Amino acid sequence: MASTGYTVTLYVYSPLAFEIPHAFVTITAPGQAPVTVGYYPVVKTSAAPGIVKNDGAVVNPNDGLLAIHPSTWNKTFDISPGQAQAMLGYAARIANNPGDYGLLGNQCTAFARDVLQAGGINPTGLGQLAGSAPYPLNLELAFSGTPQNQVQPWRTDGSQIPQLIQQINDDINSNPAHIQQYINDYLIPAYQTTPGGYWFGAQLDNTQWNNAVGISQQASALASTLVPIVVAGPIPADLLALQSNVFALASKGLEHIGNVVSAYKDDSGNLLVVGTTGSMRLNTTGEATIAASVGNLVSVESYGPGAKISQSSVTDLTSNQTVLKQFGVNGELQQKTVITSVGTNIHAEVQDGVGNTLNINDKQTFDDGSSLSTTTYPNGRIEALTTNADGSLYQKAVTTLDPYGNADTVVT
């Protein structure tokens, strides 16, 4: 099939050390300049008002020149004019009303994924990993198996594309004023007057951190920086507990992220610690995310208050297998999902916390973008969903067993 000239490219930037991972998209339409956009906080922090930025003209910190944001992986999909308009429409709505950036929810990974899904492009590689953790690498895992030809019939003809591009550009051009207003109202940055570049915040520079040797001393310095105890008299028990929890998380993270560790502090007091094999984010409430890459294994762990793990994912890039785990408030395993991807075929087994199988799902995606998903339950129930290329349901078949083992199938 000949190209329509309309495309969307998903970019993932997943460095191992010293720089922040990122995800962004480029949407092209004949006769129009490409639109390359990503989602950011207004300043370098893990929680702040959000903005949509032009990732096609980012300052390279090495030479000061403008260039497209670096990437470690990208994939281009052919789309229809209507799909391009839908994606641009979504980007325009977010650019006009960006909401609040949050590391564990509304961030660059979610924005890039949602732009694609606004135009009917859904993950097939490792299923719903794109939404399971705030790490851009998950987009690569989720969309790598999605067919390049995503041209789908759409309810619009693309006639609004020029206006939407202009709207996006107008909102991006107003970003500097919004950023400065936020700084004036809420912040007094100690490290710069014009936010920009790739860094999380100011490099941590205090005597305890600079003189720290080994994991224990480094973790102690991070805990003291994130949760300083400066009260006179008896120290409140909750403050001591918070610092102890941060120390435990920092120690765990430092064991996994390798050597050449550097630390950065954002305007809200949160910390980013990076090493040769991963990175760790610690915030002032004792929550943390630890991401590491060792050999063919990529892991992401999220921790809530009390240093209790809330979710984790471990991906083997050689076997294309990912193990997702969800934990309760006390750190107990509640659910485990093992996802294996072979081409456009996905096999997933969901277990409860003690290893009982809850369901098994097999999904096959075809060249035209349609798919067949079959879910089998321990009681013999089987649900088969056939979807069209645009994600809409084409057919649902449910098979159940009566008390005598006889199968009954209902198709709707």
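In which hand does H7 pass H8? The crossing of H7 past H8 is right-handed, in a model that is predicted. Helix H7 covers residues 214–226 and helix H8 covers residues 237–256, and their axes come within 8 Å of each other while crossing at roughly 135°. Because angles over 145 degrees would count as roughly antiparallel and those from 65 to 115 as roughly perpendicular, the two helices H7 and H8 are oblique to each other. On the side of H7, the residues that make the contact include Ile215, Ala219, Leu222 and Leu226, and among those that H8 brings to the contact are Val246, Phe247, Ala250 and Leu254.

The protein as a whole can be described by a few totals.

| Property of the protein | Value |
|---|---|
| Mean pLDDT | 82 |
| Residues with pLDDT of 70 or more | 85% |
| Residues that count as buried | 46% of 412 residues |
| Accessible surface | about 19,100 Å² |
| Carbon and sulfur share of the accessible surface | 52% |

With a mean pLDDT of 82 for the protein, one stretch calls for caution: over residues 187–199 the pLDDT is below 50, although this stretch has 30 contacts in the model beyond near neighbours in sequence. The secondary structure comes to 8 helices and 23 strands, and of the contacts between residues at least 6 apart in sequence, 47% join residues that are at least 24 apart.

Conventions. Residues numbered from 1 in each chain as written. Predicted model: local features only at pLDDT ≥ 70, side-chain atom pairs only at ≥ 80, totals over all residues. Heavy atoms only, no water. pLDDT = per-residue confidence, 0-100. Contact = heavy atoms within 4.5 Å. Helix = DSSP H or I, 4+ residues; strand = E, 2+ residues; numbered from the N terminus. Buried < 20%, exposed > 50% of the residue type's maximum accessible area, 1.4 Å probe, protein only. Areas by Shrake-Rupley, 256 points an atom, 1.4 Å probe, with all protein chains shown as cover. Axes fitted to C-alpha atoms, helices over the stretch in contact; angles between N-to-C directions. Parallel < 35°, antiparallel > 145°, perpendicular 65-115°, else oblique. Left-handed = near helix turned anticlockwise from the far one by under 90°.
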